[in-house]
Amino acid sequence: MEQTRQKKSNPAALLPIAVFLVLYLSFGILFEYVLKIEMGFYKVQAVVIFLIALLVAVLQNRELDFQGKIRVMAKGAADENVLTMCLIFLAAGAFSGAVSAAGGADSTVNLFLTFLPGKFAVGGLFLISCFISLSMGSSTTTIAALVPFAVGIGEATGFPMALCLGAVVSGAMFGDNLSMISDTTIAAVRTQGCEMKDKFRMNFWIVLPAAVSTLILLILVTPGGDLDIQTGEYNLFQVIPYLVVLAGALIGFNVFAVLIAGTVLSLAVGIATGAFPWTDLFTVMYDGIAGMYDITVISIIVACIGALVDEGGGIEAIIRFIRSRTKAKKGAQLGIGALVAGVDIATANNTIAIVMTGPIARDISREFGVDPRRTASLLDIFASAVQGILPYGAQLLYAVGGAAAAGHIVSSVEVIPFLFYPFLMGVSALIFILFIPERRSRKRPDGGQE
């Protein structure tokens, strides 16, 4: 931790992030709303804009030569979280391609809509996403599994595709924040020295109002009355791979094991039902994997940018700015939230943001007597809330990428207005800080006084 404190502080190192945001948003607005180009935002390819931002990052920090910057980027790209995320993308792509080719997605949607009134389809989609992400502990994997489902719901009901994708991403962030096997939860409790079950209980009561409000909003924004939805036929045999993946997620099996099992079953079902010949088994998997290329490349580029920004002092600048303005207990908690949110904006990775800011947050909570369970919850909540609405974050990029693979072009910016849960989660956390007092002082898990 001492090494982290001794890092230089340089706000100018955050320039690559600003360059990306300005270029991405300004060109998107120009194409979409000024030039009136259809799907204008989609013409602003995020990969290209990220490469420009990476170039800016490389041109900064003259203390390092080019080879030194390559080493910094390599270290960032080789991070365990980044590599795991990329492999999950590829495994999820294989499953998505296989289950779609086998007819599993269509059959699952038709089965779902047969028993659920159309008015509650999007709300039900949010609940399913909540349960799956809570069990999997991964927002990106949940999105990978449910985007084909969301596309099918949108096609069958006529609801805006951005709304359906927003419901899935919202539910995915619910579990990403709360699950006891989530990387963010593990990072938060480890850096604050509290128990996972204690953090879960406190975190749950903070975000519960946001989850309930989100469900109500999703029902209210869908048309009133009973919708006459023409559902197609479903084959229970084709639904089996999807049910296996969902059950495996609920039980808590390893993410890779669940996706591989789902892929193998989907291939078997597709061949057995005649959905595709056995000679196409590699092709259907490749089609799904190919749809993940953009997000995989983006994840690597973002990791490189984040590493250079950190090396140049950008992250330390954020940390010092927040810490210098912390004066009281409520201010300390607001500062912790702003701290992890700022780092998440800079890195586009909520786990990395928590790992980077956790030690500083622990020092702040000790200094102002903040319960470590409270600190761990706030770290996780604010990181997840911001991560869920980043137009260049993995969650939104994968959601719109999955929709595009299914023939529906939706920009990440279009989905943001429908991300009710991440926004409400942040609001709930602010209300918790400002109006919910802590319990009486007791011994901290680390031996200090609260």
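**Note on helix packing and the nonpolar cores**

1. F50 touches F20, I298, I301, V302, I305 and Y392, leaving aside residues up to four places away in sequence. The model is a predicted one. F50 also stands out in the largest nonpolar core: of its 113 residues, F50 and Y421 touch the most other members. Helix 9 gives the most to this core, contributing 12 residues.

2. F50 belongs to the helix 3 side of a contact with helix 2. Helix 2 covers residues 15–34 and helix 3 covers residues 46–59. Their axes come within 8 Å and cross at roughly 150 degrees. Angles over 145 degrees count as roughly antiparallel, so helix 2 is roughly antiparallel to helix 3. The crossing is right-handed.

3. Who makes that contact? Helix 2 supplies L15, P16, V19, F20, L23 and Y24. Helix 3 supplies A46, I49, F50, I52, A53, V56 and A57. By class, the contact has 13 nonpolar residues, no polar ones and no charged ones. F20, on the helix 2 side, is one of the residues that F50 touches.

4. A second pair to check is helix 19 (residues 372–389) with helix 22 (residues 420–435). The axes of helix 19 and helix 22 come within 8 Å and cross at roughly 150 degrees. That makes helix 19 roughly antiparallel to helix 22. The crossing of helix 19 and helix 22 is left-handed, whereas helix 2 passes helix 3 in a right-handed one.

5. The residues of this second contact are as follows. From helix 19 come R374, L378, I381, F382, S384, A385, G388 and I389. From helix 22 come P422, F423, M425, G426, A429, L430, F432 and I433. By class, the contact of helix 19 with helix 22 has 12 nonpolar, 3 polar and 1 charged residues.

6. Buried or exposed: which is N177? N177 has a relative accessible area of 0%, so it is buried. N177 lies in helix 9, which spans residues 161–178.

7. The neighbours of N177 tie these points together. Residues up to four places away in sequence aside, N177 touches T184, T185, K199, N203, V207, D380, I381, S384, Y421 and M425. I381 and S384 are in helix 19, and M425 is in helix 22. Y421 is one of the two residues that touch the most other members of the largest nonpolar core.

Note on methods
Residues are numbered from 1 along each chain as its sequence is written. This is a predicted model: local features need pLDDT of at least 70, side-chain atom pairs count only at pLDDT 80 or more; totals for chains, interfaces and linings use all residues. Side-chain values use heavy atoms; hydrogens and water are left out. Axes are lines fitted to C-alpha atoms, for helices over the stretch in contact, and angles run from 0 to 180 degrees between N-to-C directions. Helices (H or I, at least four residues) and strands (E, at least two) are DSSP runs, numbered from the N terminus. Angles under 35 degrees count as roughly parallel, over 145 as roughly antiparallel, 65 to 115 as roughly perpendicular and the rest as oblique. A crossing is left-handed if the near helix is turned anticlockwise from the far one by less than a right angle, and right-handed if clockwise. Contact means heavy atoms within 4.5 Å. Ala, Val, Leu, Ile, Met, Phe, Trp, Tyr, Cys and Pro count as nonpolar, Asp, Glu, Lys and Arg as charged, and the others, Gly among them, as polar. Buried means under 20% relative accessible area, exposed over 50%, partly exposed in between (1.4 Å probe, protein chains only). A nonpolar core is a set of buried Ala, Val, Leu, Ile, Met, Phe, Trp, Tyr and Cys residues joined through side-chain atoms within 4.5 Å.
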